[in-house]
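I opened my notebook to look up a few things in this structure, one entry at a time. Come along and check each entry against the picture.

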Amino acid sequence: MTQNPHEPENESGDGPLTGLNGFPVADRSATATVEPVETGAQVVPLDSRRKLRALDADAESSEDEFFDRETIAIEGTVLGPPVDPPDDDAAPYTTQQSQRRAPIIPATLRSWRGIRAMLVWQAKDAGYVLGYHAVRSPKYAAKAAFYAPVGFFRATGKLLHWATAEEGNWALRQYAADRNDPETWLKLDKQRQRQSRWRWWVVAGLATAGLTGLLVFLLADLPAWGRLLAVGVAVPLLARAGRPTDKPITDRVSEGPRYRKLTAELVRRALLSCGISGINQAVSKDQHAISFPQDIHRDGPGHLAIIDLPFGVEAADVVARRGRLASGMRLPLDQVWPEPGDGHPGRLALWVGYEPASQMKQSAWPLLRDGKVDVFKPFPFATTPRMDTVNASLMFRNWLVGGQPGSGKTFALRLAVLAACLDPRAELRIYELKGVGDFKVLEPLCTEYGNGFDDETIARCAGMIRWLYKECERRSKRIAHYAALGKAPENKVTPELASLKDSGLHPLIVAIDEIQELFLHGKFGKEAGEILEKVIKLGRALGVILLIGTQIPDKDSLPTGITRNVNTRYCMSVADQVANDMILGTSMYKNGYRATIFQPVVEAGWGILSGLGKPAARRSFMVDTDAAKLVVSRAMQLRGLAGTLPEEGTQTRTDAPTFDLLTDVAQIWPAGETAAWNETLCTRLADLRPDFYTGWASEQLTTALKPHGVAVQSIGRRIDGKAVTRRGIRLDDLTEAIAGRNRRSGAE
């Protein structure tokens with residue numbers, strides 16, 4: 001076989017060099033050069049013909065036939081992207097020293113409220129555990145008595161085994177014996193004897209102490225508590241040694257954690273479950289789109305998480321989906337309280353309580369036992385879900401409290417009046433148009449008081465509203481007078497003017513509960529609504545404070561002109577979005593402030609409070625009628641000392657028409673008639689009192705007579721020989737109703 005002149009010979013000279021696969025290897029010893037190339041890793045040889053190949057592809061294919069195709073030329077350093085992204089300042093307008101610095105004192109320990117809440121929670125948890133085990137203590141005692149003897153013998157056996165020092169040594173000696181190594185065996189046995197010698201002395205001492213203690217326990221004159229203490233210490237220890245490992249003596253208090261700690265991962269999962277596209281899309285692109293500018297920390301009876309939502313997502317979007325948020329956390333709805341945070345619209349403050357708010361015990365009203373109120377200053381009115389006290393203001397404000405029956409609306413409205421009565425300067429005028437007497441306890445403090453939904457009470461209430469408008473006119477002139485003297489710099493009532501005797505500018509508190517009864521009245525409703533709107537606009541700066549409550553918030557029962565001008569609104573449990581926005585304002589339901597989440601009766605007192613800071617869920621202090629009597633008694637003492645207590649029986653009724661329907665009907669009764677038609681009676685009543693009875697029809701008279709027990713029936717007459725039947729009443733029924741009323745009132 002002829003050798004190719006280009007193929008190098010091997011060391012033996014027998015033929016060309018071959019590689020591992022049997023193929024000839026090109027000899028580059030004559031032509032190859034080593035050129036250092038800085039690649040950042042190593043220096044590699046480059047063939048000169050490869051450079052020519054890069055310039056001429058045809059020459060490469062013909063001249064470099066046996067080129068190694070696995071060689072890779074690294075001709076330069078390739079810079080890739082940085083491993084870590086550059087630092088991004090969390091707040092571009094803050095100094096470096098103020099960024100990401102942990103507080104010296106934990107947030108929980110910064111206030112007595114936080115310390116107390118933490119201690120109360122721990123005490124409640126410990127109390128529950130103690131109570132749980134106390135109930136099962138007889139079972140624990142029986143199990144301990146059963147396992148104690150077993151534990152005694154088991155502990156004795158372990159102690160004797162320990163004294164022999166055979167643990168580990170026996171196996172080593174056996175190994176030496178198996179290897180026929182007597183020298184090692186003897187060394188190990190001597191070591192065991194040295195250890196065993198002092199251990200037996202310990203066992204002897206323990207046995208002596210145990211026997212001595214047993215003799216003292218059996219023979220000595222020990223007190224009963226000493227014997228119980230000895231048994232209480234010894235038996236559980238022996239039972240613990242004697243019970244099987246998988247059979248504990250005590251039961252588990254719970255199968256899971258009693259409180260689910262708020263974590264960042266839990267918050268992220270809950271936010272993703274809200275179904276907000278802005279959050280889901282941002283997190284799918286960047287897992288850090290949801291950030292936490294502060295560490296999650298304890299805050300009162302719960303944990304607080306401050307969250308920066310993804311760009312373009314507002315905290316109100318999450319607040320509006322509070323139900324989904326609570327579902328994502330697997331917690332009750334009233335345990336999860338999201339609110340817009342401070343800083344920017346995309347910051348969310350999420351507070352999660354240790355337990356649902358409905359199970360937390362609210363503290364007593366701070367003004368229940370002592371204290372005075374200045375209506376120009378805030379007073380405690382409600383608590384937050386975190387059990388913080390929320391202060392409310394009366395002066396320069398008008399209140400609207402609404403909610404369905406059982407929501408606690410009347411109690412919340414009465415609480416504001418109870419606070420006002422603790423200011424001796426304040427004059428009270430109250431009408432409750434429900435007729436059950438929820439405000440009856442305040443009657444001794446009232447200049448004017450009415451209770452009921454009959455026409456007479458509604459007429460008096462309408463008259464008081466007309467009087468209020470005239471009172472605003474009078475007060476405006478007084479303000480102008482004092483402003484000219486420099487005593488009313490902002491043309492408003494000041495504390496000095498309110499305290500000035502005979503100034504006529506003392507605070508005037510007007511409370512009307514169930515005001516829908518007035519606005520829906522056919523005769524007085526429209527006029528009262530128009531006048532009351534003017535009073536709300538004018539009276540705020542004049543010391544006139546209006547507190548109204550309703551359970552039917554719609555455009556007919558609550559004129560929109562009134563709701564627009566009320567600056568403090570408290571929406572308690574309502575049934576739908578319309579009622580929610582009628583009380584709180586347009587779009588409040590859409591923005592997440594929904595009083596529909598509260599259950600009447602079960603969550604009475606809870607509502608959305610607007611106008612006193614940010615709108616948020618609040619729970620008014622609960623003051624029942626018995627407790628209200630204590631407050632009224634203290635208010636009477638304060639007013640007695642100040643000389644502002646209304647004298648009994650001297651209550652004014654403003655300019656409302658005073659009348660007695662039964663007496664008026666008896667006065668205008670047709671002479672000699674035993675029965676009369678309603679239309680005839682209405683005509684005569686209008687002639688008697690045109691200011692009140694004008695416009696009355698048969699139906700109105702029927703409704704007005706019904707509470708008095710006067711039956712309206714068909715009365716037949718002959719007119720021009722024809723029988724005519726119309727609705728009317730009989731004289732006997734009228735006189736019987738008057739007599740019954742007189743008997744009930746004690747009159748002869």
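**Entry 1: a pair of strands.** I began with valine 336, whose bridge partner in strand 4 is valine 352. Strands here are DSSP runs of E with at least two residues, helices are runs of H or I with at least four residues, and both are numbered from the N terminus. I noted that this is a predicted model, in which local features need pLDDT of at least 70 and side-chain atom pairs count only at pLDDT 80 or more, while totals for chains, interfaces and linings use all residues. Residues are numbered from 1 along each chain as its sequence is written, and side-chain values use heavy atoms, with hydrogens and water left out.

Strand 3 and strand 4 (residues 347–353) are antiparallel and share five bridges; two strands pair if DSSP finds at least two bridges between them. I also found glutamate 339 opposite alanine 349 of strand 4. The hairpin of these two strands has six residues between the strands, and there glycine 343 takes a positive phi near 120°.

Entry 2: How many strands form the open sheet, and in what order? I found four, in the order 1-2-4-3, with antiparallel pairing. Strand 1 (297–298) and strand 3 (336–340) are the edge strands, each pairing on one side only. Helix 11 (residues 322–329) packs on the sheet and touches strand 3 and strand 4. Its direction makes about 130° with that of strand 3, where axes are lines fitted to C-alpha atoms, for helices over the stretch in contact, and angles run from 0 to 180 degrees between N-to-C directions.

**Entry 3: a parallel pair.** Next I looked up strand 8 (residues 427–432), which runs parallel to strand 9 and is joined to it by five bridges. Glutamate 432 stands opposite asparagine 451 in strand 9. Strand 9 (residues 446–451) is largely enclosed by the rest of the structure, because five of its six residues are buried. Buried means under 20% relative accessible area, exposed over 50%, and partly exposed in between, with a 1.4 Å probe and protein chains only.

**Entry 4: two single residues.** Is serine 620 buried or exposed? Serine 620 is buried, with a relative accessible area of 5%. I found serine 620 in strand 14 (residues 616–620). Leaving aside neighbours within four places in sequence, its contacts (heavy atoms within 4.5 Å) include Gln362, Phe381, Tyr570 and Gly605.

Lysine 470, in helix 13 (residues 455–484), counts as exposed at 51% relative accessibility. The C-alpha atoms of lysine 470 and valine 535 are separated by 9.3 Å, though the two are 65 residues apart along the chain.

Entry 5: I then turned to the second largest pocket, with a volume of about 780 Å³. Of the 22 residues that line this pocket, the closest to its centre are Phe152, Thr156, Gly210, Ala234 and Leu238. Helix 4 (137–163), helix 6 (182–219) and helix 7 (224–242) each give two or more residues to the lining. Helix 6 gives the most, with eight residues.

A pocket is an open set of points on a 1 Å grid over the protein atoms alone, where a 1.4 Å probe fits, with protein on both sides within 12 Å along at least five of seven lines; lining residues have an atom within 4 Å of a point. Grid points are joined across faces, edges and corners, and a volume is the space filled by probe spheres set on the points.

**Entry 6: the whole chain.** Last, I noted 24 helices and 17 strands in the protein chain. Of its 748 residues, 40% count as buried.
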